[in-house]
Amino acid sequence: MGRRSVLGDGARRAARRLALFFAFLALLSAVALRRAPPQRQPYIAAALLAGAVLAPVAWWIPWHRPPNESTA
């Protein structure tokens, strides 16, 4: 019996790695936001928001292809 990964296989695994990347982006942005000068904080906050929104979206949307029903 093969080992199953929490991240899944194939396209789902790649998508979940991308989700982890976005979560890491949000984490690093949160750290940077505390140390950034005030004129840069809106840009870092935008990166934080993007990472926080895109991480769960990338994790949960279906990344499989539907079966090909065409007979061509």
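Phe21 is exposed in this predicted model, with a relative accessible area of 52%, where exposed means over 50% relative accessible area, buried under 20% and partly exposed in between, using a 1.4 Å probe and protein chains only. Phe22, at 17% relative accessibility, counts as buried. A search of the whole structure finds 1 aromatic pair. It is formed by Phe21 and Phe22, whose ring centres are 5.9 Å apart and whose planes meet at 55°, so the pair is tilted; rings of Phe, Tyr and Trp (its six-membered ring) pair if their centres lie within 6.5 Å, with planes under 30 degrees apart called stacked, over 60 edge-to-face and the rest tilted.

Because this is a predicted model, local features need pLDDT of at least 70 and side-chain atom pairs count only at pLDDT 80 or more, while totals for chains, interfaces and linings use all residues. Residues are numbered from 1 along each chain as its sequence is written, and side-chain values use heavy atoms, with hydrogens and water left out.

The secondary structure comes to 2 helices and 0 strands, these being DSSP runs numbered from the N terminus (helices H or I, at least four residues; strands E, at least two). Helix H2, residues 41-60, has 20 residues and reaches 29 Å from its first C-alpha to its last, close to the 28 Å expected at 1.5 Å a residue, the expected span being 1.5 Å times one less than the number of residues. Gly51, Ala55 and Ala58 are the buried residues of H2, and they pack against helix H1 (10-35). Ser29 lies in helix H1 and touches Ile44, Ala47 and Leu48, not counting residues up to four places away in sequence, a contact being heavy atoms within 4.5 Å.

The accessibility of four residues is listed here.

| Residue | Relative accessible area | Class |
|---|---|---|
| Phe21 | 52% | exposed |
| Phe22 | 17% | buried |
| Ser29 | 6% | buried |
| Val57 | 39% | partly exposed |

For the protein as a whole, 17% of the 72 residues count as buried, and among contacts between residues at least 6 apart in sequence, 53% join residues at least 24 apart.
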